[in-house]
Amino acid sequence: MQWFVAKIVYQIITGKGEHNPQFDEQLRLISANTRDEAWKRASEMGLQEQYAFRNQRQELVEWRFISVPEVNGLDNLGDGMELYSRIEEPGDANAYISWMQVKANHLKGQQLLDVRA
């Protein structure tokens, strides 16, 4: 097993989403045999850890999983530990989501090439 750091991206939506777009970028430690397996595990974590709650104004606040755009190998650390979290407020939410998905698809494409080599 090897250690990897994966970036998991969530969009934060409050109420009807009529606010500045917000995104939470988290770096997570993943224990896996390959980079592809680490990406799959991080994607599963992202889906499993989506959640929603009601704030003080009774508005629904949602953390929606977007993608895993980055996976990098590491040395020994703890499985699933959150290393970093950052809230993004881009001017264009759709452009941000598209960019994260492009990066994730590029990473996924590289993994397919690695398997074939």
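Q: How many aromatic pairs does the structure hold?
A: The structure holds five aromatic pairs. Rings of Phe, Tyr and Trp (its six-membered ring) are paired if their centres lie within 6.5 Å. This is a predicted model, in which local features need pLDDT of at least 70 and side-chain atom pairs count only at pLDDT 80 or more, while totals for chains, interfaces and linings use all residues. Residues are numbered from 1 along each chain as its sequence is written, and side-chain values use heavy atoms, with hydrogens and water left out.

Q: What makes the pair of Phe 23 and Tyr 96 tilted?
A: The ring centres of Phe 23 and Tyr 96 are 3.9 Å apart, with 35 degrees between the planes. Planes under 30 degrees apart count as stacked, over 60 as edge-to-face, and the rest as tilted. The angle of 35 degrees falls in the remaining class, so the pair is tilted.

Q: Which parts does the pair of Phe 23 and Tyr 96 tie together?
A: Phe 23 belongs to strand E2 and Tyr 96 to helix H2 (residues 93-116), so the pair ties together parts 73 residues apart in sequence. Helices (H or I, at least four residues) and strands (E, at least two) are DSSP runs numbered from the N terminus.

Q: Why does Phe 23 count as buried?
A: Phe 23 has 0% relative accessibility. Buried means under 20% relative accessible area, exposed over 50%, and partly exposed in between (1.4 Å probe, protein chains only). Phe 23 is therefore buried. Tyr 96, at 10%, is buried as well.

Q: Why is the pair of Tyr 51 and Trp 63 called stacked?
A: The planes of Tyr 51 and Trp 63 are at 5 degrees and the ring centres 5.2 Å apart, so this pair counts as stacked. Tyr 51 lies in strand E3 and Trp 63 in strand E4, 12 residues apart. Tyr 51 is partly exposed at 43% relative accessibility, whereas Trp 63 is buried at 15%. Tyr 51, Phe 53 and Trp 63 form one aromatic cluster.

Q: What is the order of the strands in the open sheet?
A: The five strands are ordered E3-E4-E1-E2-E5, with antiparallel pairing. Strands E3 (51-54) and E5 (82-88) are the edge strands, since each pairs on one side only. The twist from one strand to the next averages 25 degrees.

Q: How do you know that strand E1 and strand E2 pair?
A: Two strands pair if DSSP finds at least two bridges between them. E1 (residues 2-14) and E2 (residues 22-32) share 11 bridges, so they pair, in the antiparallel sense. In E2, Leu 29 is the bridge partner of Val 5.

Q: Which residues have the most contacts inside the largest nonpolar core?
A: Ile 8, Ile 30, Val 68 and Val 71 have the most contacts inside this core of 17 residues. The elements giving it two or more residues are E1, E2, H1 and E4. A nonpolar core is a set of buried Ala, Val, Leu, Ile, Met, Phe, Trp, Tyr and Cys residues joined through side-chain atoms within 4.5 Å. A second, separate core of seven residues includes Val 9, Tyr 96, Ile 97 and Met 100.

Q: What does Val 71 touch, not counting residues up to four places away in sequence?
A: Among the residues that Val 71 touches are Phe 4, Val 5, Ala 38, Trp 39 and Leu 107. Contact means heavy atoms within 4.5 Å.

Q: What joins the side chains of Glu 62 and Arg 64?
A: A polar contact of 3.2 Å joins these side chains. A polar contact is a pair of N or O atoms within 3.5 Å; within protein, one must be able to donate a hydrogen and the other to accept it, and residues adjacent in sequence count only if both atoms are side-chain atoms. The distance of 3.2 Å is within that limit. Glu 62 is placed in strand E4.

Q: Why is Gln 58 called exposed?
A: Gln 58 has a relative accessible area of 55%, so it is exposed. Gln 58 sits in the loop between E3 and E4 and has a positive phi of about 65 degrees although it is not a glycine.

Q: Why does Glu 59 count as partly exposed?
A: Its relative accessibility is 27%, so Glu 59 counts as partly exposed. Glu 59 is also in the loop between E3 and E4. Glu 59 and Thr 14 are 45 residues apart in sequence and 6.5 Å apart in space, C-alpha to C-alpha.

Terms used: Axes are lines fitted to C-alpha atoms, for helices over the stretch in contact, and angles run from 0 to 180 degrees between N-to-C directions.
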